[in-house]
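The points below are numbered and may be read alongside the sequence and the model.

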Amino acid sequence: MRVDIWSDLVCPWCYVGARRFEGALAAFPHRDEVEVVHRAYLLYAASPRGATFDRRDMLMTKYRLSRDQADAMNAGMERTAAADGLDYHLQGGVTGNTFDAHQLVYLARDRGRQHAVLERLYRAFFTEQRSIFDHASLIELAVEAGLDGDEVARALREEAYAKAVEADIEEARAIRVNGVPFFLIDGRYAVSGAQQSAVFAEALSRAWADASQPAPAP
């Protein structure tokens, strides 16, 4: 069984959702027969690649908040993340277009390091306030997660996975994914948002049971 997860690496709910899904998958009896594929989604596709902007300013503009309200929203998100074992530090951070970071995740998938690289990028952004937007930072983080730095540099320079990222974005548009995280289980069961682990567990069990039903006689 396959689970496709559309997410963006600067989406705070995506990291929380990933952690909750992982909890459900760890308890799933058939977990070793589940392939998890992370798909690209860009919250800030219109922003120039490599550039960054203040995250608090973004919240203030997007949600029409005051400075204090934006800080309170960040603090609330930090508390939510902490309840799932994640250490968020959102005050004073920046954000931006993650196209190149998603290319790195694709390279990691080809090298059997998808989860390690994805986790490293999430932790770098949300916990350490490190950049995941410029090539130098991405190469450094990729090496820390077990990839070869020269290969990463070449893949980013040559846009080796640009078409794969674009295809993910196009597919998300085609199936009307309007927000992330978005989970598609066995190509049929959709779970939208960072639901509790119990919701993911139920969806996994239902998808597995349906897939296990014998095909109707002709």
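1. Pro-181 is placed in the loop between H8 and E5. The model is a predicted one, and in it the peptide bond leading from Val-180 to Pro-181 is cis, with omega near 5 degrees. Most peptide bonds are trans, and most residues other than glycine have a negative phi.

2. Phi of Arg-64 is near 55 degrees, which is a positive value in a residue other than glycine.

3. For the protein as a whole, the secondary structure consists of 9 helices and 6 strands. The C-alpha trace spans about 60 × 40 × 30 Å along the principal axes. The radius of gyration is 18 Å; this agrees with a compact globule, because for 218 residues such a globule would have a value near 17 Å.

4. Which strands form the sheet, and in what order? The sheet is open and has 4 strands, arranged as E2-E1-E5-E6 with mixed pairing. E2 and strand E6 (189-192) are the edge strands; each has a single partner strand, so one side of each has no neighbour in the sheet. On average, neighbouring strands of this sheet are turned by 20 degrees against each other, direction ignored.

5. The pairings of E1 may be taken in turn. Strand E1 (residues 2-7) pairs with strand E2 (residues 35-40) in the parallel sense, over 6 bridges. Within this pairing, Asp-4 has Val-37 of E2 as its bridge partner. E1 and strand E5 (residues 182-185) run antiparallel and are joined by 4 bridges; here the bridge partner of Trp-6 is Phe-182 in E5. In a regular strand, side chains alternate between the two faces of the sheet.

6. Two helices can be described in relation to these strands. Helix H1 (residues 12-26), together with E1 and E2, makes a right-handed β-α-β unit. Helix H9 (residues 197-212) lies across E1, E5 and E6, and runs at about 170 degrees to E6.

7. How do H4 and H5 pack, at what angle and with their axes how far apart? H4 and helix H5 (residues 114-126) pack at an angle of about 155 degrees, with their axes 7 Å apart. The two helices are therefore roughly antiparallel to each other, as angles over 145 degrees count as such. H4 contributes Ala-101, Leu-104, Val-105, Ala-108 and Arg-109 to the contact, and H5 contributes Gln-114, Val-117, Leu-118 and Leu-121. By class, the residues of the contact of H4 with H5 are 7 nonpolar, 1 polar and 1 charged.

8. H4 also packs with H8. Helix H4 (residues 99-110) and helix H8 (residues 162-174) meet at an angle of about 105 degrees, and their axes are 9 Å apart. That angle makes H4 roughly perpendicular to H8, since the range for this description is 65 to 115 degrees. Phe-99, His-102, Gln-103 and Tyr-106 of H4 are in contact with Ala-162, Ala-164, Val-165, Glu-166 and Asp-168 of H8. The contact of H4 with H8 comprises 5 nonpolar, 2 polar and 2 charged residues.

Terms used. Residues are numbered from 1 along each chain as its sequence is written. This is a predicted model: local features need pLDDT of at least 70, side-chain atom pairs count only at pLDDT 80 or more; totals for chains, interfaces and linings use all residues. Side-chain values use heavy atoms; hydrogens and water are left out. Two strands pair if DSSP finds at least two bridges between them. A crossover is right-handed if, with the strands pointing away from the viewer, the path from the first strand over the helix to the second runs clockwise. Axes are lines fitted to C-alpha atoms, for helices over the stretch in contact, and angles run from 0 to 180 degrees between N-to-C directions. Contact means heavy atoms within 4.5 Å. Angles under 35 degrees count as roughly parallel, over 145 as roughly antiparallel, 65 to 115 as roughly perpendicular and the rest as oblique. Ala, Val, Leu, Ile, Met, Phe, Trp, Tyr, Cys and Pro count as nonpolar, Asp, Glu, Lys and Arg as charged, and the others, Gly among them, as polar. The radius of gyration is taken over C-alpha atoms; the globule rule is 2.2 Å times the number of residues to the power 0.38.
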